Amino acid sequence: MGTPNDQAVLQAIFNPDTPFGDVAGLDLGEEAEEEVDEDGIFPREQLEQSKALELQGVMAAEAGDLSTALERFGQAICLLPERASAYNNRAQARRLQGDVAGALEDLERAVALSGGRGRAARQGFVQRGLLARLQGRHDDARRDFERAARLGSPFARRQLVLLNPYAALCNRMLADMMRQLRGTGNPL
């Protein structure tokens, strides 16, 4: 019948709307790590200012004003240079601007500052995995998605399925079968 991982992959293929974290049998090697309070070490007033600047940056980026977004994220970084969140956000704005090298630099810093734990690390691993995937570095992408999945990212778990060559083959075979069934007039 296949291994539990094979069954989990098939479950994800045939039921793509199922929350992937709930698929029985998927083993990423470790349990999802508990969430850590990443911000508890920072002075409250500076933390609130930094978060406000990041929110302004996110809003500017969503409005298409990347230069303002980068400026706000930079201000947040200057205010709390040891806080990983602003580096993750600036990486996203840099990537949108086409500065992949700058984005990767910020993601490396975010992952290092987070110690590879918590929400900032999870976000950094996902973003870095996506960039690696876009660059065709699938082994690097897989490693980052595995780390993000261990930190509880359902998106990273879905990306791992997509990077699985067996899942891709199954998806292709399933799509071919569905096309053939539709072509014969058989009801699905």
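**Exercise 1.** Work out which residues of helix 4 meet helix 5, and how the two helices pack.

*Solution.* Start with contacts, meaning heavy atoms within 4.5 Å. Ala 84, Tyr 87, Asn 88, Arg 90, Ala 91, Arg 94 and Arg 95 of helix 4 meet residues of helix 5 that include Gly 102, Asp 106 and Leu 113. (Helices are DSSP runs of H or I, at least four residues, numbered from the N terminus.) This is a predicted model: local features need pLDDT of at least 70, side-chain atom pairs count only at pLDDT 80 or more, and totals for chains, interfaces and linings use all residues. Residues are numbered from 1 along each chain as its sequence is written, and side-chain values use heavy atoms, leaving out hydrogens and water.

Next, take the geometry: helix 4 and helix 5 (residues 100–114) pack at about 165°, with axes 8 Å apart. Axes are lines fitted to C-alpha atoms over the stretch in contact, and angles between N-to-C directions run from 0 to 180 degrees. Helix 4 is therefore roughly antiparallel to helix 5 (angles over 145 degrees).

**Exercise 2.** Find the salt bridge partner of Asp 144, and decide whether Asp 144 is buried or exposed.

*Solution.* A salt bridge needs a side-chain nitrogen of Lys or Arg within 4 Å of a carboxyl oxygen of Asp or Glu. Asp 144 pairs with Arg 128, the closest N and O atoms being 2.6 Å apart. Asp 144 lies in helix 7 and Arg 128 in helix 6, so the pair ties together parts 16 residues apart in sequence. Finally, check accessibility: buried means under 20% relative accessible area, exposed over 50%, partly exposed in between (1.4 Å probe, protein chains only). At 6%, Asp 144 is buried, and Arg 128 is buried at 12%.

How values were computed
Parallel < 35°, antiparallel > 145°, perpendicular 65-115°, else oblique.
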